[in-house]
Amino acid sequence: MTHGLALEVEGLVKRFGGLTALDGVSFAVPEGSITGLIGPNGAGKSTAFATIAGFHKADGGRVRLRGRDITGAAPWALHAAGLARTFQIPRLFGRLSVAENLMVGAPPQPGEKLPAPWFARGRVAREEAALRARAMAVLERLNLARHADAPATALSGGQKKLVELGRALMSGATVILLDEPAAGVNRTLLREIAATIARLNAEDGITFLLIEHDLDLVAELCQPVHCMAEGRVIASGTMAEVRADPTVAEAYLGMAIEAT
Amino acid sequence: MENALLYAVTLLTLAGIYAALTLGLNLQWGLTGLMNFGALGFVAVGAYTSALLTATPAPGAAHLVGPGWPWWAAWPLAAVAGALLALPIGAISLRLRADYLAIATIGIAEIVRLFVRNEDWLTGGPLGVSGIPRPFEGLGQPWGPVAYLLLVAAVVALLYAMAEATAKSPFGRTLRAIRDDEEAAKAVGRNPASFRLQAFVLGAACMGLAGAMLAHFFKFMGPDALDPITATFLVWVMLIAGGSGNNRGAILGAVAIWAIWAATDWIAGQLPGELATRAAYLRLFLIGLALNLILLYRPQGLIGERLPGAR
């Protein structure tokens, strides 16, 4: 395993009118790591995600993907470069089946370019069959294969989170940003999601950056952990180190973080 | 007997032309979620393009005298004209929020309407363009109109095949994904503006072609031959009634609503003078009422989009 940095965020600034959501955010995601991003509500974690992934235009600062400056790149360009993201509240394509949701997650297909759908139907059909097989293999890994042809809206909240993860996997991404993979998920499925993330990290070498409020899960999975508050990173290190940091406790409204 | 046949042929020909229009709107709204409230503009551009390229003008006609091409050379260019009008509108407004396209298309349709009414040198102004040849006219009655109906049906079949191939392809899947959730589509690496533009232009090309078929059926095109009620509003009713997102629904809706529209026109015509005028407005009211009832009780239309799990 290399010990370079998959993602470097340096002095990232994002303002919405008079509100400064990101006030010079800096942190790094080591290659091959599962890095955690924690912090109280409104700390700017999701804004940081959206800005890194190209959904918001940064007002300052730099983002590098494996040393390459990607600041201001469009989401689709970053997706092609191997950076995928999920959403805090799952955003699936409601009128598509679960398998179709994953198939859209693959890199742009030749059959998506006109006029191939009209004049090269045989070739497009073969590519589609291969793509569907790939989607089924991913669903198999996520234990969702039996829902392949169900509408995406029929799934539970936790399953939708898994489908979003599957969609990100289809892109062949090597860095995946997960926004609260455990929020609103029942205990059983939570264990399954945690195990899946760990397995994808260990077996496929995918680097993860995840936002999470379930600090036990962060302690279990993530190293390093960065804590944000009021648009800045206020502490970094192992979960134990971050936990011990007095500024972190203060940031969580002065309340001590529950001990595990 | 022959009158009844001619009436049926006329009805079906117009229904077929509307089916081409509705298929175009289905590509835009049903598949991609684009609100085009200016179908009239694209129909008009296609109609005038084909009219000016083919018409043998009456002596003293004000409009630009064209090359007098045969219909089959002009129709593809009518589709291209519809597409060319859509290109700049789409390129500007499809980057913005969805409702901006609706506003932009209403505006463009009005601009096109005023343009054809006022630019006499090109369009003949209020006098319009006459002498547009109708294909197969030489076959006489009733075979000429029947042959034209078959031509319209063939064009609709071709557009249907194209629309189906589009909808079922990976391209169509991406359009549906963008329609369902734009942010998620960006997250999976698609540029929504680029896909939307393609769908918008493709739909506009269908509308331009429908305009050409309309002009050659009327053998005349003028500013009063098109009005937003039939060229825009009725097409939306057809698509929603038939089932947006379903190409067969689009065709069925076009035929069913056009049959109702034509039947009520006939009924209104049987009424005495004063009542007949009022009936014209009542007809519009009834179509509006029908639209509301459909949206309330059967929002998916007669045959709605095929959704997963409903096999």
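**Figure 1. Confidence of the predicted model.** Chain B of this predicted model has an average pLDDT of 92. In chain B, 99% of the residues score at least 70. For the complex, the predictor gives an ipTM of 0.91 and a pTM of 0.92.

**Figure 2. Overall build of chain A.** Chain A holds 10 helices and 10 strands. Its C-alpha trace spans about 65 × 40 × 40 Å along the principal axes. The radius of gyration of chain A is 19 Å. A compact globule of 260 residues would have a value near 18 Å, so chain A agrees with that expectation.

**Figure 3. The six-stranded open sheet of chain A.** The strand order is β6-β7-β8-β3-β9-β10 in chain A. The sheet is open, and its pairing is mixed. Strands β6 (83-85) and β10 of chain A stand at the edges. Each has a single partner strand, so one side of each is left without a neighbour in the sheet. From one strand to the next, the twist averages 20 degrees. Strands of a sheet pair through backbone hydrogen bonds, either parallel or antiparallel.

Figure 4. Strand β9 covers residues 225-229 of chain A, and strand β10 covers residues 232-237 of chain A. The two pair in the antiparallel sense over five bridges. Among the bridge partners are Cys227(A) and Ala235(A), the latter in β10(A). Another pair joins Met228(A) to Val233(A) of β10(A). Two residues lie between β9(A) and β10(A). Glu230(A), in the turn, has a positive phi of about 45 degrees.

**Figure 5. A positive phi at Arg66 of chain A.** Arg66(A) sits in the loop between β4 (60-65) and β5 (68-69) of chain A. Its phi is near 50 degrees, a positive value in a residue other than glycine. Most residues other than glycine have a negative phi.

**Figure 6. Two cis peptide bonds.** In chain A, the bond from Leu114(A) to Pro115(A) is cis, with omega near 0 degrees. Pro115(A) lies in the loop between α3 (98-105) and α4 (116-119) of chain A. In chain B, the bond from Gln141(B) to Pro142(B) is cis, with omega near -5 degrees. Pro142(B) lies in the loop between β1 (129-130) and α6 of chain B. Most peptide bonds are trans.

**Figure 7. Packing of α6 on α9 in chain B.** Helix α6 (residues 143-168) of chain B packs against helix α9 (residues 192-218) of chain B. The angle is about 180 degrees, and the axes are 12 Å apart. Angles over 145 degrees count as roughly antiparallel, so α6(B) is roughly antiparallel to α9(B). From α6(B), the contact uses Tyr148(B), Val152(B), Val155(B) and Leu159(B). From α9(B) come Cys206(B), Leu209(B), Met213(B) and Phe217(B). By class, this contact has eight nonpolar, no polar and no charged residues.

**Figure 8. The contact between chain B and chain A.** Chain B supplies 25 residues to the contact, and chain A supplies 35 residues. On the side of chain B that touches chain A, α6, α7 (170-180) and α8 (182-187) each supply at least two residues. Helix α7(B) gives the most, with seven residues. By class, the residues on this side of chain B are 10 nonpolar, seven polar and eight charged.

Key
Residues are numbered from 1 along each chain as its sequence is written. Chains are lettered from A and ligands numbered from 1 in the order in which they are written. This is a predicted model: local features need pLDDT of at least 70, side-chain atom pairs count only at pLDDT 80 or more; totals for chains, interfaces and linings use all residues. Two strands pair if DSSP finds at least two bridges between them. Helices (H or I, at least four residues) and strands (E, at least two) are DSSP runs, numbered from the N terminus. Axes are lines fitted to C-alpha atoms, for helices over the stretch in contact, and angles run from 0 to 180 degrees between N-to-C directions. Angles under 35 degrees count as roughly parallel, over 145 as roughly antiparallel, 65 to 115 as roughly perpendicular and the rest as oblique. Two residues are in contact if their C-beta atoms, placed from the backbone, lie within 7 Å. Ala, Val, Leu, Ile, Met, Phe, Trp, Tyr, Cys and Pro count as nonpolar, Asp, Glu, Lys and Arg as charged, and the others, Gly among them, as polar. pLDDT is the predictor's confidence in each residue, from 0 to 100. The radius of gyration is taken over C-alpha atoms; the globule rule is 2.2 Å times the number of residues to the power 0.38.
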